[in-house]
Structure formats: structure tokens, C-alpha cells
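The report below takes up a pocket, a pair of helices and the confidence of the prediction, in that order.

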Amino acid sequence: MTNAYQLTGIKLSYQQQLALDIPELNIPSGKSIALLGENGAGKSTLLKLLAFTTKADQGVMTLFGQVISSSINTVQRQKIGFVEQHPYLLPGSVESNLKLALKLQGVPTEKHGQFIQHALEHTQTTHLAQKDSNTLSGGELKRVAIARAIVYQPDILLLDEPFSHLDQRHLKLLEELILSLSQQDNKTIIFSSHDRLQGIAIADETINLVAGKTTESPLLNVFHGSLSQHVFDTGKIQIHATSTLTDAHHIAINPQEIIISAQPLQSSMRNSFTGRLILIAEEEESVRLTIDCGERFHVLISPESLNNLNLSLRMSICLSFKSTAVTVF
Amino acid sequence: MNYFAESLSSAFKLIISFDPDIYQVVFTSVLISITAAIIAASLAIPAGVSMALNSFRGKGFIQHILNTLMAMPTVVIGLLLYGLFSRLGPLGHWGILYTPTAIIIAEAILIFPIMMNLAITAVRSADPRLVPTLVSLGAKPTSMIVHVIRTTRLAMLAALVTGFGRAIGEVGAAMMLGGNIEGFTRTMTTAIALETSKGEFELGLALGILLLIIAFALNFILSWLNPNND
């Protein structure tokens, strides 16, 4: 499978603050990929970079195997459709916005009608064609913006927080649209979301971003602090790690590597904390527990374990994990 | 007081009677100013939009020059152009001194920095998502300028009207380069200066009133163009 994008040694700063630091990232084509991370993690910046509406300070990017040196050409631009978190439609009708996109992309005029009809049907916005762009609701605006982004039939569709501020009906419509574009049209869909579950539910793959860096670790149990002599200090608790990195300020702990018990365990595990169980939630086929030990830890257990452990809210609970379960970055 | 009241009454009579001498001057003035405003706008607006959209070395310096030129006395522009267009000047062979063309050039130069600055402000005041959206849709530099102007057209029209207003009220350069020739280069402002010095106060006053009416109309158009005004 070819890569839609390959990023190597990417660094991008805003006002002397590092917003993205990606040593290597390959994004396969023809898949839907969720870009996960908390607010300020660099998701929008990465999407803008992938849309070539912003430039990296350092590093090399390729688009379908072609190195993009300074700016992309018309043919390469046609491969990318980009919808920002708060899309902007130009004054005028919905149809005029789609026509503008086709005109700017150099699509022959005789194809405009057919392309516009296809995009409107795909996004279920045909009835909005003649509506003024200023009169659209939030959900309609997002779908029209997607229609405008797909009207020239790009291979890649980049969506920044497409599900934010949508009601259930528009949310469902948008999920169906993304799945249809990805599965039926074989497009590469990259969308950002701060909702981990939603991302996992729709996407074939996920990219986790924390403080501008990609991480293999799931976005649970990510703590900010400083590392000194194998001990990571979050300001509230100290966590043992094996890494000797000096410029690292984040750690992540895989929730499946955390063991919980009613009493402290007698084991070789370097990290052991006692806290209160504050949340029990169903997640996919697991159960997620949130335990407050000064920092909030998330632990994934099976529904059977939940029954066996006889857990209840506010009860005191111990958690333990090895220092090797701590990823420092 | 009588003198002023009588002059005012005579001035209104001249206006109402559609005195051909007065309206010839008004027509010349409006024609020269509209031409100057259109020429200046056709250069200043794309230049302003282009400057607002791009970052380049020396941008701050150009902005300083523009601000300085906005405050430049009109007689200085008149003086410089007089030197260029006079028979012994480097452009003397054009033979445009004491013609409407010379006034148009002077007024276009005078209002260029005003219009360019207004165009820059219009782009900066536009929705910050406009330019990134056009970039992501594949707009090339020229089509980018066209669509930014189209989207901010009311502000650009306001820049044109402001430039016209500045041009029609200009007197120094019009006097030096036009020579105040009756029926040819005599504009409202130069005519007011001349007629008043000749003692034809009511004629000057009539032109002054018409100039005020034009200024009022321009301000009315400007506030109508600004959607934020109630």
C-alpha cells in the first residue's frame, strides 16, 4: 500500500514555541485515520501542514511519494480537500461556493453541474444548493463545507474536528458520510477528534498526538512533568520510569498494564499508588475505571474482572505498574 | 452680516438657476476626480491586497512610506510634478502641463497611498479564515487577489469613495498643474480661490455649497456602504 503522506524530521514553531515535532510519520492511503489528542496537542496544526496551508520550519514531506519542496502544484493541490474546524463559506449561495472551488481547481466548466450534483447528493445537501451561505445552521455548514472540499474529487480529505458542536442527527449523518467516503470511494480520510472513542469507532487507524509529538501510546494516562534520574515528577506524584531522556516532559502509561487490587501488592513493580475509584464506564468491550491517586489514572479491565473485584464508587483501591510500562517522550 | 446674507442668497440663486458657468466647473471637477479615483483604485487596491496577503522583506518600510505619503502636502506633489511636466522638465515633451491630465495624475498620486492603506485595512479586517480557505481551494496569487477584493468589495468601494472625496477637495496641485483655465482645467476648489480673490464672493460661495453637498453625499454613501452603521 502506498503512503498518502510521509513526514520526516518535521518541526514547526509558533512564536518560538514548538507546536509540532514529528521525527517520522507515514500515513497510508485509502484508509480513514483519526488524529487524536487533547486541545492544544497540535492536531489542527498537523492538518494544516498536511493541507499545505502552513509550512514546517524543518523536515521533509512527501505526497503520494512526491517530495514537496516549497509549494505544491495544481495537480497536487487537487488531491487534497480540507475542511477547517470552523469552516468559512464565501458570501453567496451554497452552489456558488462549490462552483468557486471547481473554478479555482481548474475543473472544466462543462463538468461543473455533474460534479456539484454528485457532491451535494453525497453530503445530502442538495436541498441547500440555492440557500445563502450565511443562513446555514452549524451542521449544514459543516456538510456544505465537506461538499465543497469533495466537489473536485480529491484523493485525500482532511477534516478538523468535524464532530464538534453537532447535534445527534448531524453527527450520525457525518459519521455515515466519512465511512462512505472511506469505504466506497476509497479516499484517504484524516480527521481530528478529541473524543478518543469516536475516533476509534470510525477510523481504520489512529495517530495519537501529545504536545505536538506523535506517540504509540493510547491517549490515556498522559502526564506532564519532568524526568530526573528515572523518576518522573508530575508535581503531585512521582512515577518511576526506565528512560534516561533529559528533555522529555511527558509520560504515558498503557491502561492495560496497570494492575488493580484491594490491598497493596507485594511485587517487584516499582510504581504503587492508592486512590479512590471515581468513575466506572463502559468502553468498547472493556470497562474503564478512573482512580484518583493525586493524578487521575485510567485503567481498562474486562467486564468479568469488574464482577470479580466487586468494585464500587468511592472505594479505596490500589494500582501498580512496572516502570517499563511508562513511555517517556 | 448683510453682505454675507446677500451673498448666500445670490449663491443659492446661482445654484437653483443652474448657472452654466458654475455647473461647467462642477462637471470638470467631478470628471477629473472620478478619473483620478478610478486610476488610483485600479492600482492601489490590488497593490494593497497583495501587500496585506504577502510577507516580504521591507514590508514595514513600505508601510512607513505609505503613512508618510498620506500626510504629504498637496502643494509638494504639485511642485514635484510641475518640475517634471514643465517645458524644461524631463517629461516636458509630453505637453500635459496646464491640462486636466496633469491634475488627474497629481490627484491619483495624492490618493494612491490613502486607497492602498484602506485596502490593506480592509483585508486585515476581513474574516481571518478567508485567505486560508482560498489557499486550500487552490487559489493562485492572481485569483486570490480577485476573490479577496470581491469578498471585501464594500470596503474597497468605500476606499474608492474616500479617494474621490479627497481628490475633489484638493486645491494645491490642481492650481499649480491645471493653471485654473476657464472651461478646461478650472475645478471647484481653484474656482473658489480665484473668484473669492476677485471679489466674486457669491460665485465662490455657490461652488462651496455644491462642494459641501458633494461631501455630504459621499459621506452618506460611505455610511450606507458600511453595514455596521445603523
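## The largest pocket

In this predicted model, the largest pocket is lined by 37 residues, and Phe52(A), Lys55(A), Ser71(A), Arg77(A) and Val135(B) lie nearest its centre. Two or more lining residues come from each of α1 (43-50), β4 (58-63) and α2 (74-77) of chain A and from each of α2 (20-53), α6 (130-136) and α7 (141-151) of chain B; β4(A) gives the most, with 4 residues. Helices (H or I, at least four residues) and strands (E, at least two) are DSSP runs, numbered from the N terminus.

The lining of the largest pocket comprises 17 nonpolar, 14 polar and 6 charged residues, and the volume of this pocket is about 960 Å³. A pocket is an open set of points on a 1 Å grid over the protein atoms alone, where a 1.4 Å probe fits, with protein on both sides within 12 Å along at least five of seven lines; lining residues have an atom within 4 Å of a point. The volume is the space filled by probe spheres set on the points, which are joined across faces, edges and corners. Ala, Val, Leu, Ile, Met, Phe, Trp, Tyr, Cys and Pro count as nonpolar, Asp, Glu, Lys and Arg as charged, and the others, Gly among them, as polar.

## Confidence and conventions

Chain B has a mean pLDDT (the predictor's confidence in each residue, from 0 to 100) of 91, with 97% of its residues at 70 or more. The complex is given an ipTM of 0.75 and a pTM of 0.76 by the predictor.

Residues are numbered from 1 along each chain as its sequence is written, while chains are lettered from A and ligands numbered from 1 in the order in which they are written. Local features need pLDDT of at least 70 and side-chain atom pairs count only at pLDDT 80 or more, whereas totals for chains, interfaces and linings use all residues; side-chain values use heavy atoms, with hydrogens and water left out.
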